[in-house]
Each structure stands twice: as structure tokens, then as C-alpha cells.
Amino acid sequence: MAPELPPTRVAPPKDFHHPYQPYDIQQQFMQAVYDCIEDGKVGIFQSPTGTGKSLSLICGALTWLREHKRKTFDEAMQGIHIDDDEPEWMLEHARSSKRSEALQMRADFDERLAVVGEKDRKTREHAAKASQVPKRRRQVNAEIETDDASVEQFALDDYESGRDAEGDEKSKYSAATTDVLKKLGLLGTEDGHARPAEMDEELKIFFCSRTHSQLSQFVGELQRVRLPPGLPVEDLGAHNGHIAHEAVKQVSLGSRKNLCINSKVVKLKSHTAITERCMELQQSKTPSDKKCSFLPNKDNQDLVLDFRDHALASIHDIEDLAGVGKKLGVCPYYASRSAVDPAEIVTLPYPLMLQKSAREALGISLRGHVVIIDEAHNLTDAVESTYSAQVTEAQLRFGREALMIYLQKFRNKLKGGNRVYVTQLVRVIDSLLSAVTQAQAMPGEGGVLRANALLAGKAVDQINMSKLAKYISESRIARKVEGYAMHLNEGNAREKNGPQPGSTSDTPTLTQIQNFLTTLGNPSKEGRFFWFRDESDKSITLRYLLLNPSEHFRDIVTEARAVVLGGGTMSPMEDYTAQLFPYLSSGMISTLSCGHIIPASHLFVRTITSDVSGPLNFTYKTRSDKTLIRRLGSMLLELLPKITGGTVIFFTSYAYLSQIQSQWSSDSTLTQVSALNKPLFFDSRSSPAEATFTSYTSAIHSNPTCGAVLFSVLGGKLSEGINFSDALGRCVIVVGLPFPNLETPEWKAKAEFLDRQPGAEAGAGRQHAEN
């Protein structure tokens with residue numbers, strides 16, 4: 001008889017400090033994130049919506065971070081050495097002293113944050129009872145006086161064309177302000193590693209998602225997590241008496257539009273207008289009584305440190321940080337940077353992560369840190385759109401006309417660099433208008449343009465487009481020229497002598513032209529230029545499309561210790577490896593695809609291809625048929641009475657949803673649906689998504705049996721990062737699929753580019769479009 005073998009011991013699953021008992025797929029997901037970061041790889045991880053992906057990302061990454069910090073601390077202590085002839089007790093004393101010093105510094109900082117956090121808690125408890133003026137807040141007038149509407153305000157300041165090509169944000173402030181911002185760590189130094197007072201930089205996680213609303217949801221999940229300390233438990237316990245957990249130090253970064261607390265600035269509509277106005281109020285030439293009173297300066301350095309402590313004392317989303325800034329009377333856009341270095345996790349939206357210039361403006365470095373990008377299924381498109389640009393014929397013509405009228409008034413005052421660059425700008429616009437004229441004579445609705453066709457003007461190909469774009473930004477000529485044009489329009493409204501704006505946006509036309517100019521210096525292998533004819537007025541639009549996003553994402557991969565992409569629909573993952581990481585070997589990329597946590601018996605899925613009248617065809621060519629739209633309405637009238645709770649109906653575009661809504665309003669379909677006692681809610685480009693979703697949620701909670709109906713768009717504001725939990729999504733209906741038009745010049749160029757890539761399979765471009 002064979003001897004009995006001892007039972008096999010199965011190692012218990014790793015504890016990732018999940019706030020609930022994790023499902024198996026959540027455990028696998030957290031382990032995959034942990035291993036990816038530990039090994040310094042790129043991870044592409046898929047977990048369906050509703051499986052707790054965000055919480056799994058948090059637990060897997062932060063568990064690694066805390067364990068790595070403890071390991072690094074122990075190794076640093078063991079690395080302390082003394083001379084060989086010294087006794088052993090000297091070595092132990094040196095290690096013990098260094099250990100105690102490091103722990104005491106951390107304990108003192110954590111204790112200060114705890115005190116601030118307790119004060120914040122009490123303030124929130126009493127907020128409903130009384131409104132008190134913050135003790136530390138300086139009594140200032142946040143209102144900004146409007147400049148006199150004199151012509152001289154539109155004159156350009158002298159501009160030296162020989163400025164350092166590396167000019168950065170620091171040059172925009174007075175010397176005193178620059179010194180204060182640098183001292184507090186609110187501006188990057190030449191090596192990008194400025195430090196705020198008192199703190200060294202922590203190894204951290206940069207967590208990025210598409211929108212601020214998605215980041216707010218992430219912050220809510222982060223508040224659920226309780227993690228063991230980042231320093232050895234016995235030491236931390238010896239210093240502050242409790243070892244259960246250590247609060248996560250987190251800070252949210254955002255744009256001026258989200259964080260500005262100056263009422264006169266934040267009321268401007270666009271991000272560009274807010275940024276330019278903010279910078280104007282900080283220039284050294286601006287009178288002190290008209291500068292922004294909230295900007296960190298030599299008189300309120302202590303407020304910046306107070307802001308840092310408040311920001312790190314508890315977990316805040318972007319709206320919370322704006323409130324902290326208002327409470328303390330200091331700009332949260334700048335002051336939030338002081339909390340970046342001591343933070344363990346930094347949350348920020350796509351634009352601040354994907355643009356290298358935005359990261360440099362914030363003074364943050366990714367070197368050696370961990371980057372996690374959530375909702376990464378549209379990452380490739382986001383990188384492409386970030387570095388693509390377009391300019392319309394109307395914008396070019398308005399920009400030239402406005403410039404010529406401006407020159408007639410201020411020509412004698414233009415000197416040095418201003419005269420050189422304004423002349424160059426006019427020549428470039430003339431060259432682009434020449435390309436527009438050529439496109440007008442071409443047949444069809446659009447096509448590809450060669451870069452040299454855009455630069456065919458006299459000596460235009462000799463102009464440094466990067467320097468010219470930099471000049472437009474730094475001189476603020478766009479706002480000056482646009483302002484003077486508006487001034488003339490107001491003064492000559494009856495005669496209509498002034499040039500009419502080429503755009504309804506409050507972003508200056510020359511700024512939009514500037515964005516297009518930056519693409520003219522891109523290597524031809526990275527992208528293509530196109531022209532398109534508008535169906536309504538036959539005007540021409542020039543467009544640059546980035547075809548190769550990998551090079552613009554490569555600096556993130558190169559700098560970071562590890563990059564994790566997470567999403568609910570990341571398949572096929574080969575698309576990401578081919579388009580974002582073609583330079584990485586397969587061994588440097590980790591992948592994981594999880595199933596759903598609910599059993600198949602709890603989900604009913606059906607494809608409806610026909611009704612009693614015949615086949616249903618929602619392709620682009622047939623979807624506008626009025627009979628088809630009426631049949632769709634009849635099907636909903638049969639289906640909706642059988643559904644309790646919420647029904648969400650997704651269409652392929654906002655334009656198609658608008659068409660559906662218009663026809664159903666005229667043929668009484670919406671009236672019949674409303675008669676079912678189900679409130680109707682429509683997603684739109686113009687209405688805030690949060691308000692629509694809140695109203696939809698309230699309607700269902702107030703009457704769960706009848707429920708409500710939400711009409712939305714695939715890829716729209718209410719299709720991603722929204723938790724349709726429980727009764728909010730009892731039935732989901734998708735009408736048609738948003739396949740792209742493969743016959744457009746852009747898609748043809750994209751397909752050809754993908755087909756030509758090394759190792760690409762036959763038909764790779766078409767397969768990408770279908771995916």
C-alpha cells in the first residue's frame with residue numbers, strides 16, 4: 001500500500017485590505033495590479049462595469065505602496081554603516097537614532113494633519129448652525145475692477161524675440177511672486193523637482209480618469225479604504241499610540257476653471273479665457289490693487305502651508321479643495337501643488353496627465369512613480385484628440401482682417417519682436433488661406449493635404465512655428481486683437497465697420513489658429529492634414545489628425561515606474577499594445593480580463609432584429625426613416641409597461657437622439673410614453689450630466705414601481721463612469737451601433753497607417769474600426 005501523501009498546503013490569498021469580502025475576480029484583479037507595479041510593467045486590465053474595478057485598483061495599488069514604503073524604510077536602516085573598528089553597539093545606536101528621527105518627523109506631520117482633520121470635522125458639523133468668517137482669512141475684496149475701455153489697453157507690451165526658448169510659467173510673474181511660488185514648491189525648478197517647505201517627496205500614485213465627475217466617484221471609493229501604516233507597525237504604535245490604520249494622503253489637481261475662486265475670473269466661459277485673465281492679473285506691470293488677491297505671495301505663505309495641511313488631512317475631491325481655498329482665502333489652483341509631494345495619491349483628469357506641457361506647468365514629475373489610468377478604453381482617442389487640431393476658413397479670414405485693422409492702429413508702436421512675429425503671423429495665415437482656396441477648387445467633401453501645401457507662401461517654410469506659437473501665447477496678442485475688434489464693433493455697431501468674429505466661442509480666434517500652428521512642426525509620419533467642406537455654407541475646414549499616439553504617450557511610460565490601464569471594455573487588448581506600446585516587448589506588458597461577478601442566470605440579453613412589420617435596420621443610411629423611428633416607438637410602448645425601475649436607452653449620437661426626440665414629439669409617441677407615468681429624461685450636449693442623472697435617480701427612488709426612462713448616447717456624458725446600480729438600470733436598450741464611416745479621408749488615412757505598421761495583420765485598419 002502506497003504511503004499516504006501529506007495534504008497540499010494552499011497559501012491563503014493576499015490581504016489587500018478591501019473594505020468588503022472580495023469576490024474571486026476582485027482578488028485576481030488586485031493581485032494583477034500589485035504584481036504589475038512590483039515588476040515595473042505596463043498593465044492592461046479589464047473588469048466589467050459593476051465589478052468594483054475602481055475599488056480593486058485602489059486596494060491593489062495602495063497595498064503595494066504601503067508595503068514598498070515599509071520595505072524601503074527597513075532597507076535604509078540596514079544600510080547605515082560605521083567604521084569597522086567601532087563596536088557593534090555604536091552601529092545599533094546609529095540605526096536607532098536615525099530610525100527614531102525619521103519616525104518622529106513623520107509622526108509630527110501626521111499629528112498636525114490629525115488636528116486639522118478634527119477641526120474640519122467639527123466645522124462641517126456646525127456648518128448648518130452658523131456661518132463664521134474664517135479666523136485666518138484676510139479681509140480682501142475679491143472683485144476685480146474692470147479696465148477702462150480705452151484703446152491703449154489693447155497695445156502690446158515690448159517683446160524680445162531673443163527670449164530663452166525654454167521660457168516657462170515663472171517668467172509670467174513678478175520677481176517677488178516667482179520667488180515665493182518657488183520657495184513654496186508651487187513652481188517647478190529647472191530640473192522639475194521643486195520641494196515645498198518641510199517635506200520630502202513621497203513615492204506616489206497618479207490616478208487619472210476622463211472627467212472630474214469620474215474622479216469624484218473615485219474619491220468616494222477611496223474614502224472607504226483603511227490601510228495599515230506605511231512605516232513599521234511597532235514603531236508607529238510606539239510614537240502615537242494606535243496602529244490600526246494610517247489615513248491615505250490624497251490631493252486632487254484640476255484646471256483653473258475648476259479651482260479658481262476669483263468671482264470675476266471664474267465667471268468667464270472658457271478655460272482659455274480664465275487662464276489668460278488669471279495670468280494678466282499676475283504680471284509685474286499690473287497695479288497691485290488690481291492683482292488677484294488670492295495668489296500666494298510673501299504675505300500669505302503661511303496660508304499655503306495651512307492649505308496643504310487641510311488638503312492632506314482628509315480625502316477631498318476637486319469641489320472640496322475649492323472650498324478649502326475659499327475658507328482660507330488662498331488660490332487652490334496654486335496652493336494645491338504644495339500638497340503633491342507629501343501626498344501618496346494624486347488624482348487628475350486626462351488633459352493634465354496626457355499633455356507634457358500641462359504636467360510641466362503644474363511642476364509635477366512622473367519619474368519613478370506609478371500611473372493608473374481608469375476608464376482607459378478611450379485612452380487612444382484621448383491622446384489623438386489632445387494632439388489634433390483644426391481651424392475654419394471663417395476663423396482664418398477673421399483673424400487676418402482683425403490683425404490688419406489692429407496693425408493700422410498700432411503699427412507705429414510695434415517694435416522688435418512684436419513687429420517680426422506679427423509679420424510672420426500674417427504671412428502664415430495668408431499661406432493657410434491659399435491652401436483653403438486650393439481646396440475650394442477640389443471635388444468632393446474632403447481630402448488629404450500635404451504639409452508643404454499649407455506652407456507654400458513666401459518664405460513661410462522658413463518660419464519657426466514653435467516660436468511663433470509661443471509668441472502668440474506669451475504676448476497675449478490673441479486677446480489684444482480680439483478685444484480691439486470687439487471694441488470697434490461696439491463703437492460702430494450701426495455702421496458695422498468692425499470685423500465680425502469668426503467664432504461664437506470666447507476663445508480668441510488667434511488662439512485657435514495658434515493651436516493649429518503647433519501641428520505644422522510635427523513629423524509627417526505622426527499625422528496627416530485634411531480639408532473638409534461644410535455642407536451648409538461650403539466653407540473649408542483645415543484639420544490635423546494625429547495617427548501615431550504612441551510617441552506622445554511614450555514619455556509617460558518611460559518616466560513612470562509602472563503604468564496601469566483599467567477599464568470595463570478593454571478588449572481587444574491587441575489594439576492598445578499595437579497603438580500605444582509598439583516599442584515594448586510582450587514580456588513588459590501584463591494583461592487580465594475578468595468576467596462579471598453576477599451569475600449568468602441573473603442577466604437576460606437579447607438582440608432584437610425585427611418586429612411584426614419586418615427587419616429592423618438602424619444603419620446610417622436607413623436609421624432616419626420615419627417609419628422605422630415610429631416602429632421603434634411602438635416597440636418601446638409595448639416593452640416599458642413591463643419594466644419596474646429605471647430604463648436607459650442609448651442611441652448612436654446626440655444628433656440622432658435629437659432627431660428621434662423631434663419626431664416622437666410630433667407624432668405623439670412621447671405623449672403616449674409619458675402616459676405610462678414614467679418621467680422622461682434626455683441627455684444633451686448643453687445640459688449638465690450630473691443634474692440630469694440626479695433628477696433621473698430621484699424620480700426612480702420616489703416611485704420604484706413605475707420608475708423612469710433616460711435617453712442617452714453611446715460615448716456620451718451619461719454612458720461612462722456612471723453607476724446605474726440596482727433599480728437605476730433594470731433595463732438597458734441600445735439602438736444601433738456607432739460604427740464609423742470608413743469612407744471618410746480620416747478613417748482611410750488611419751486604416752492605411754495601421755496597415756503599414758511592422759507586424760500588422762492584413763486588414764488591421766478595418767479591424768480597428770470595427771472594434
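**View 1. Arg359 is buried, with a relative accessible area of 4%.** This close-up comes from a predicted model. Arg359 forms a salt bridge with Asp555. The closest N and O atoms of the pair are 2.8 Å apart. Arg359 belongs to helix H14 (residues 356-362), while Asp555 sits in helix H22 (residues 550-559), so the bridge ties together parts 196 residues apart in sequence. Asp555 is buried too, at 18% relative accessible area.

**View 2. Glu551 and Arg554 pair within helix H22.** Their side chains meet in a salt bridge, 3.4 Å from N to O. The two residues are three apart in the helix, so about one helical turn separates them. Glu551 is partly exposed, at 38% relative accessibility. Arg554 is also partly exposed, at 33%.

**View 3. Lys53 forms a salt bridge with Glu375.** Their closest N and O atoms lie 3.7 Å apart. The pair links distant parts of the chain, 322 residues apart. Lys53 is in helix H2 (residues 53-78). Glu375 is in the loop between strand S5 (370-373) and helix H15 (379-386). Lys53 is buried, with 9% relative accessible area. Glu375 is buried as well, with 13%. Salt bridges that share partners join Lys53, Asp374 and Glu375 into one network. In total, the structure holds 17 salt bridges.

**View 4. Tyr421 lies in helix H17 (residues 416-440).** Tyr421 counts as buried because its relative accessibility is 7%, and buried means under 20%. Tyr421 and Tyr159 are 262 residues apart in sequence. In space, their C-alpha atoms are 9.5 Å apart.

Key. Residues are numbered from 1 along each chain as its sequence is written. This is a predicted model: local features need pLDDT of at least 70, side-chain atom pairs count only at pLDDT 80 or more; totals for chains, interfaces and linings use all residues. Side-chain values use heavy atoms; hydrogens and water are left out. Helices (H or I, at least four residues) and strands (E, at least two) are DSSP runs, numbered from the N terminus. Buried means under 20% relative accessible area, exposed over 50%, partly exposed in between (1.4 Å probe, protein chains only). A salt bridge is a side-chain nitrogen of Lys or Arg within 4 Å of a carboxyl oxygen of Asp or Glu.
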